[in-house]
Amino acid sequence: MALAFHPKPLLLLTVMLAAAAAASAMEAPEPEQLHSSSSNATTLLDGQVVTRCNLFQGSWVFDGASSPLYDSSTCPFISGGFDCIKFGRPDKQFLKYQWRPQSCNLPRFSGLDFLRRWRGKKIMFVGDSLSLNMWESLSCMIHASVPGARSSLVRRDPLSTVTFLDYGVTILMFRTPYLVDIVIGQKGRILNLGSIQGGSVWKDADMLVFNSWHWWIHTGNAQAWDYIQDGAATLKDMDRLTAFYKGLSTWARWVDLNVNPTKTKVFFQGISPTHYDGREWNQPSKSCTGEQQPLSGSAYPAGEPEAAGVVNKVLSGMTKKVYLLDITTLSQLRKDAHPSGYSDARGTDCSHWCLPGLPDTWNQLLYAALVT
């Protein structure tokens, strides 16, 4: 029988946010130190007042004067699957929407400040192609913000690397869609819900950003395994939400046993939604194809996916601190931000996101968590 998961209060990352935007990238100061504080506000040395705010509750606001944080034609890190402008997307309106939390402003991203803070460090994204989306986005944001910084790119499977050479900052992408292992056995490819061998590569990172879910529901030719190993049992299939819970619990045990929180910050990217079924936003005949505007308001008609409840359940039981970048609802509102048919992939893609685009907001939220 499938497990039933009941949503628990979200493990939201509450951070300190600047009320005013930071200076331009080339004039960015060294990381500020806190000067004085109260229960609700803190004053930085440069006089900026920051207040406590839930970053993930808000809405999308159109800003006709805004520009994306980088130009896809000049960023060397974007894959063809995400480069919607290159592959002919005619509208640019999707680039003009800004995420606006309900009671504060996001601090402006500064690539120079990011590189100074993480000088000599390793930042690793671990997961599936949604992690790749976020990894390429962050690399492009830094590249555009500090155009004079030398960089290198190495793409390999499963580990790819962007290095900003002048700062010794390495941003890695480790591809492992399930986080747990797929091993080759006598019966074929076996998804082992209790094994994480790739973790030996993750241990040296100074920041880890994990993600998993999309591949857990693939079936047929898109399914990457033939059997599931659950303890001593080898199964042809099982309830996918239950399998995800067991696999993610294995990941949680790995973090609790192996991560030193004084050295390594750990984030979970949250569940990135798809927009194949317009019934979710009360337009049954629609998908992401042709969509040019986000949904208004701050709530998604269909509510959160069940997988988000699984993530919350697992994170709430961990002993080590993991920050949830709770990007689910704000991403659900962006039915307009997918490649659809504008990429080098076949068919309609309502799973991934255009670059520039929504993953840039994910990284702005990550930056906000790191600088405050």
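Predicted model: local features only at pLDDT ≥ 70, side-chain atom pairs only at ≥ 80, totals over all residues.
View 1. As for handedness, α4 and α5 cross in a right-handed way.

**View 2. Side by side, α4 and α5 meet through residues from both helices.** From α4, look for Leu241, Phe244, Tyr245, Leu248, Ser249, Trp251 and Ala252. Their partners in α5 are Glu306, Ala307, Val310, Val311, Lys313, Val314 and Leu315. Sorted by class, this contact holds 11 nonpolar residues, one polar residue and two charged ones.

**View 3. Helix α5 is largely enclosed by the rest of the structure.** The helix spans residues 306–316, and eight of its 11 residues are buried. To find the buried ones, pick out Ala307, Ala308, Gly309 and Val310, then Val311, Asn312, Val314 and Leu315. What covers them? Among the elements doing so are α4 (240–258) and the strands β16 (265–268) and β17 (323–324).

**View 4. Gly64 sits in a loop between two strands.** Is Gly64 buried, exposed or partly exposed? Its relative accessibility is 45%, so Gly64 counts as partly exposed. While you are here, find Lys96 as well: Gly64 and Lys96 are 32 residues apart along the chain, and their C-alpha atoms are separated by 5.8 Å.

Definitions and conventions:
Residues numbered from 1 in each chain as written. Heavy atoms only, no water. Buried < 20%, exposed > 50% of the residue type's maximum accessible area, 1.4 Å probe, protein only. Helix = DSSP H or I, 4+ residues; strand = E, 2+ residues; numbered from the N terminus. Contact = heavy atoms within 4.5 Å. Left-handed = near helix turned anticlockwise from the far one by under 90°. Nonpolar A, V, L, I, M, F, W, Y, C, P; charged D, E, K, R; others polar.
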